[in-house]
Amino acid sequence: MNNNVRETFTDTIHEVGTFDKKLCVIVSDISHFRLQKFAKENPDRYYNLGVCENSIVNLAAGISYAGFIPVIHTFASFMIDRSYEQLKLSFGYHKLGVNIVTIGSGVEYSYHGVTHHSYIDGLLVKSIEGSSVFNPGSTHEFNKLFKSSYNNGCINLFRATTKPHEIDLSNFSILPGKGITYKQGSDLSIFCTGYHLRTAIESIKEFEKNNINVEIIYLPTIKPLDKNLIKKSVSKTGKYIVMEHQSEYGGLASDISNYIISKKELKGVIGKSISLGKNFIHEYGTFDQHNSRLGFTTDNLLSSYKNIF
Amino acid sequence: MKILLNKELRKKIAWMTWHSKEGHIPSAYSILDIIHFLYHDFMKFDPKNLTMEERDFFILSKGHGCSALYSVLNQFDILTENDLLEKNNEKAKLATHPDSTKIPGIEASTGSLGNGIGFALGLSLGLKIKKMKNRVFVIIGDAESNEGTVWECALLASHLKLNNLCVILDNNHSCDPTLPVPDAQKKWDAFGWETQEIDGHNLDEIKKSFQSLNFNSSKPKIIVANTIKGKGVPEMEENYGAWHSKVPNDNELKYIYNEIDNYE
């Protein structure tokens, strides 16, 4: 199965948009070729409106107000970072629904440089009342999450990855707002999202060599947070590490930490964040090189555990 | 002879601003006559059924001029005297920008310039996809036209052939001292719109321009309404910058009333 969600999300859009005539797709001059099947079958519900993201967001809000369910699509840095105000006011304040399918979240487009990175796309959308943020690491997850959320009348961000984790999750339920206990453990909770399910799984053997039994909690939904699952896990382990391709400011680690400190019964739980950090990422290179440099590695997971706990 | 239209509404706008201690009187005065005409004489609008399916839509993209809209909605009892009295209070429906989550009949919350027009475009497109005959009217300001999104929308609406959309440009020259947008009609014409230029305080010209709109043609329409910021109070017309968000004191309110009554 092709798990490059940037390439496969268009099949889901075609499938959903074929039976739901309210689905209206607007792209900002990317994925135009991949969406041609939908475009040809539904010319009145497909628009490639060029590179004017702020106006595309406002226009999509008007379309939503007219009774349609918009899907808008381009790089996260342009559709979210650049167009935050439009998302906040035209959709958020008006309580109108939209599905934002972005590419380039985090540093996925590593060769493109800072202009095409987005470290806070999740944070920005999260901050809007009633929104959801999904970070599917495979086509299967995108399919499940999109189909169960696209018509919920809310702002839904889907970070469409080009870096799938390639882990088979077909035996797990993929539901909005729900995480997955991929592996039970007792010594350390690893909370991960997107590609880093792979990184977490790859670390299991090294942890076992050191007699550390890790629990792996995978979170394809960033907002709403699966608080019950998090609580259950850290109640058992007392320790956690969060791995995410988001900024250290306001990312998943921040949400988990805020939740934990609000719970008296979780007093004493300690954690660490492995994230994109706080600064611009000036380096190019491959996605894997970014991961190595930023500490998304088994070695760093293990040393983080030893140093902190 | 020039006649000042809507004298009582002008007084009400001044009073609202005086009472609520905030507002934009000159910006409201420049658009008042067109809003009054649209609601009373042109748009498909039922004050008893604000959400009727076949209604025309109105969006005040330059949201800070909203007291003009409030005064007109008050004429239809959509907003009560009490609503006006409560403006800007903690639990009020009304504030310095129009809020569709609170005010019946307001289609979009506006205030952040350059966004209402994009919302209107999407609404126009949505109505066209549904093959509905409703029309969408949106007022933008000339200073609002400093926003790049306005020109993105100029390009988009023409590209999408949004012939059910009519923009009214409140060309009150408020941005002349800062970043003027000269030759507005030529600019919109160049973007492929059907354009007209009128005196936005002359009822005959207002009537003729709206009645001449051809919603069967393929182009979006714009009426460049040459208006006067603070129209009706010579001191305000002259010193519109100083009066932009000025709240009149008791004496100034009386002065405004007097100037409106005696305007020639």
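**Cavities and a helix pair in the predicted model**

The largest cavity is lined by 17 residues (atom within 4 Å of a cavity point). Among these, Glu108(A), Asn135(A), Arg159(A), Thr161(A) and His245(A) lie nearest its centre. This is a predicted model, in which local features need pLDDT of at least 70 and side-chain atom pairs count only at pLDDT 80 or more, while totals for chains, interfaces and linings use all residues. Residues are numbered from 1 along each chain as written, chains are lettered from A, and side-chain values use heavy atoms, without hydrogens or water.

A cavity is a set of points on a 1 Å grid, over the protein atoms alone, where a 1.4 Å probe fits but cannot get out. Four cavities of 30 Å³ or more were counted. Domain 1 (5-159) and domain 2 (180-308) of chain A each supply at least three of the lining residues.

The second largest cavity has a volume of about 90 Å³. Residues of chain B line this cavity, including Tyr39(B), Phe45(B), Asp46(B), Arg55(B) and Glu107(B). By class, the lining divides into five nonpolar, two polar and five charged residues.

In chain A, helix α3 (residues 53-65) packs with helix α5 (residues 84-93) at an angle of about 10 degrees, and their axes are 9 Å apart. The two helices are therefore roughly parallel (angle under 35 degrees). In α3(A), Asn54(A), Val57(A), Asn58(A), Ala60(A), Ala61(A) and Ser64(A) meet Gln86(A), Leu87(A), Ser90(A) and Phe91(A) of α5(A) (heavy atoms within 4.5 Å). This contact has five nonpolar, five polar and no charged residues.

Key: Axes are lines fitted to C-alpha atoms, for helices over the stretch in contact, and angles run from 0 to 180 degrees between N-to-C directions. Helices (H or I, at least four residues) and strands (E, at least two) are DSSP runs, numbered from the N terminus. Angles under 35 degrees count as roughly parallel, over 145 as roughly antiparallel, 65 to 115 as roughly perpendicular and the rest as oblique. Ala, Val, Leu, Ile, Met, Phe, Trp, Tyr, Cys and Pro count as nonpolar, Asp, Glu, Lys and Arg as charged, and the others, Gly among them, as polar. On a 1 Å grid over the protein atoms alone, a cavity is a set of points where a 1.4 Å probe fits but cannot get out, and a pocket is an open set with protein on both sides within 12 Å along at least five of seven lines; lining residues have an atom within 4 Å of a point. Grid points are joined across faces, edges and corners, and a volume is the space filled by probe spheres set on the points. Domain bounds come from an automatic or database domain assignment.
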